[in-house]
There are 2 protein chains.
Amino acid sequence: MSRPIPVARRLSKAWLRGACVPYTARRAFSAQVTGSRTTDITALKVNQDRLMETLHQTCSWGTGKRWGSGPNDTGMSRLALSDTDKQARDWFVETTSSLGCHVKVDAMGNIFAVRPGRREGLATFAGSHLDTQPSGGRYDGILGILAGVEMLKTLKDHQAETEFPVGVVNWTNEEGARFPISMCSSGVWAGDIPLETAYNLREVGGGTATMRSELERIGYLGSIPASHKSTPMAAHFELHIEQGPLLEAEKQKIGVVHGVQAYRWFMVDVSGRDAHTGSTPLGKRADAMLLAARLITHSHRLATKHSAVASTGILSLTPGSTNTIPGHVRFTLDVRAPADSTVEAIEADLKRDFAALAAGENIQGLLDGATPSLPLEVSWRTDSVSPATLFHPDCIAAVRASAEAVTGDKSLVRDMTSGAGHDTVYASRHCPASMIFVPSKNGVSHNPEEYTSPEDCALGAQVLMQSVLRFDSMRASS
Amino acid sequence: MSRPIPVARRLSKAWLRGACVPYTARRAFSAQVTGSRTTDITALKVNQDRLMETLHQTCSWGTGKRWGSGPNDTGMSRLALSDTDKQARDWFVETTSSLGCHVKVDAMGNIFAVRPGRREGLATFAGSHLDTQPSGGRYDGILGILAGVEMLKTLKDHQAETEFPVGVVNWTNEEGARFPISMCSSGVWAGDIPLETAYNLREVGGGTATMRSELERIGYLGSIPASHKSTPMAAHFELHIEQGPLLEAEKQKIGVVHGVQAYRWFMVDVSGRDAHTGSTPLGKRADAMLLAARLITHSHRLATKHSAVASTGILSLTPGSTNTIPGHVRFTLDVRAPADSTVEAIEADLKRDFAALAAGENIQGLLDGATPSLPLEVSWRTDSVSPATLFHPDCIAAVRASAEAVTGDKSLVRDMTSGAGHDTVYASRHCPASMIFVPSKNGVSHNPEEYTSPEDCALGAQVLMQSVLRFDSMRASS
């Protein structure tokens, strides 16, 4: 996720009037099965084998790097709007249509498959994305879509009627790996990314294709506007792999996601002076790499102090010669915390302490045992400010109730804040929304070896389906 | 300098028999001026204006980046064996020939200009190099050659006869900037770099030219072997800018160089695990960049402890994305100290402490206030081992006596160890040698703004000339 987005409004219950109604209390909920018979929806079960078989089948479009000897031990490389993305999209359209859905494609290629309910009204969606990183895995995004399709199949198996429509949405170019804005098309839908900006995005790596030209080429430049106004949603639920190590480490199964961390991205420039490594004594240096090393070391201490995270993912230096002390270093700093105020506080501490360290002040013993050097300069650029996103309490409650019902054990369910951005962030700006996390093996993601067990995938799909149905039922019974 | 070279032998006085004789004590020394008249050589003065005028004139071949508004406020970009290097070489050959020298070019394009003495014998040389860095200055190497030529002019002005021949040598491709081995052709002369290795060096930047093809192209592929056996020298003196800040800082004028620091170059690989910056808590990370930052911070502390220097000039990380914790970082470590034993001791400390830090041990408080992380791995590769070079005591004594005589003030003269490598390192393996340093403004070198005042250049040239003449006189009187 690379674009700043304003803090999600805590959606008022009043907002829900008309399209849906608030979930006010735990209650029995139901769907109409086989015409008029009312059945406990918790009895509806997704089919784990079918889910996993279909998931791996769709991964034949865009198969990536092999990492093991098993039949599914390959990653994915299905870049947005590529030929293999088109194959996956075609499958999605055909499958959901055959399951009784009306399918609409908007001007960003977002695909909305809607299964009618007993009444007219907005659909409650399960959504995610089919595109992957160039060296990605089989679960990030893909699991969310496949679980949505499995929900449609399960409803059809039982001839279950929902009160209002339910649907599955595939968002275009969530990864931002080929066209470099992540969550790009949910962002356009939300009105936060201008359509023209998205259309003009040129593929990375020097190619000439743009999002618009590729949408046109593969036949997914839809006729309806890409906008929450044209395609409003009653709610948006997203099943996603955690992409972190917490659920696995705590031996828990379901993450009830309350929102997405605030984050800020900075570019830090350290300016000293190039000098010969051999002929310049330590005390006569303005070594930009040494100062950068201290700053990165210190950023971690400050993150620890604030219970936040701080990370340097890119660092470059000049001139870049073994025997020249670098006169300049530039590095990124990605700072995240659940609350905006925490990110603000750590930014203030970082700026104060970085300036002090550049001036030679010994902060927290970092200069103990060091030779005082010439002063250096540190400058900052803020590249991205993304306030915390808080998901809707009704959707969070629906996910928690579903997770507890499905697992039968509250201790397997964990309240979480997502560290990464997802399409649900943009969706949550215009409808109630929440997310469901399932464990990632070793916390690994954006990597061919990304893995979530079939059991955990099915558990997540079950919670997703129940969450959608609970929300639908809640609207009906209100 | 990028090649390891064995420690210079402390040349025994016995070695000097035949070609030259040891300088045994301070004594009056003289040269024959105007035929038979014996004159105090300290009366011979280089011409500062002529020296500087000629230096800047020769800098019209390969002028580089402008950095100021003055006529000489440009750097140099005279890559070895380029067309502009050929122009400078042609000037050198013509000028030294016109000053009465016999000029020989060897198979590496090293140019030896020898002015006959009263007696047959090996020549005492002033030597350095005319090639520059691509973004270099007007003094590194160039001053040493120009001062040698000024010495020849001064001797001619006074019709001074030396006892044995004296000469000036221009070594090919000292910088290693175009053909990537520095001190390349003095290394071949010394027998430490195989001729074929040097010949096959391909120019950096993807071109197809080799040293051999370019030597041939510009007409400097000489017929005599590039070897100390074919072209022995009685002694080698080199005037060079300090390329460091000490002389300027201490308001001193002449550095008497006793040798060159020992150094070792290492490549350090830090292996952790790629992970998402947002979804991976600090305690679940194996952040290779954070560990690399701590290692670099610590390498400076160890250098301080050992009165050595340690520097990281190159650092690269993967995968290189703002929101991915780097799983791998690779960086260079350049460690130098005057004594081999110090470099060995710091290497042992570095290896012990880097391993401990990778395992999570808190060395010297570096992990104070930090969140314990997953363990990482550190591996080492030794790229270069260059033992300390000790110059010859007779040459050092000649330089010190000359410096004291020329400055008239011992406090302006400083004993130094060179941090950088120079052609004199290779020369010193086969004849007595030493160097003379003059101040570098702000310690800057390998930079267009490299600067040494005309007065300091002339002072250095005067010390160079006297050192050569003292050595010659010493041979004669022994």
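Predicted model: local features only at pLDDT ≥ 70, side-chain atom pairs only at ≥ 80, totals over all residues.
Residues are numbered from 1 along each chain as its sequence is written, and side-chain values use heavy atoms, leaving out hydrogens and water.

How do the copies relate? Chain A is superposed on chain B by a rotation of 180° with 0.0 Å of shift along its axis (RMSD 0.1 Å), fitted by least squares on the C-alpha atoms of residues with pLDDT of at least 70 in both. That is the relation of a two-fold axis. Of the residues of chain A, A:Ala293 comes closest to this axis, its C-alpha lying at 2.1 Å.

Now look inside chain A, at helix 3 (residues 142–157) and helix 12 (residues 454–477), whose axes come within 9 Å and cross at roughly 65°. Helices here are DSSP runs (H or I, at least four residues), numbered from the N terminus; axes are lines fitted to C-alpha atoms over the stretch in contact, with angles from 0 to 180 degrees between N-to-C directions. Among the residues that meet are A:Gly144 and A:Met151 in helix 3 of chain A, and A:Ala461 and A:Val468 in helix 12 of chain A.

In chain B, helix 1 (residues 48–58) packs with helix 3 (residues 142–157) at an angle of about 135°, their axes 10 Å apart. The residues in contact there include B:Arg50 in helix 1 of chain B and B:Glu150 in helix 3 of chain B.

Terms used
Chains lettered and ligands numbered in written order. Helix = DSSP H or I, 4+ residues; strand = E, 2+ residues; numbered from the N terminus. Contact = heavy atoms within 4.5 Å.
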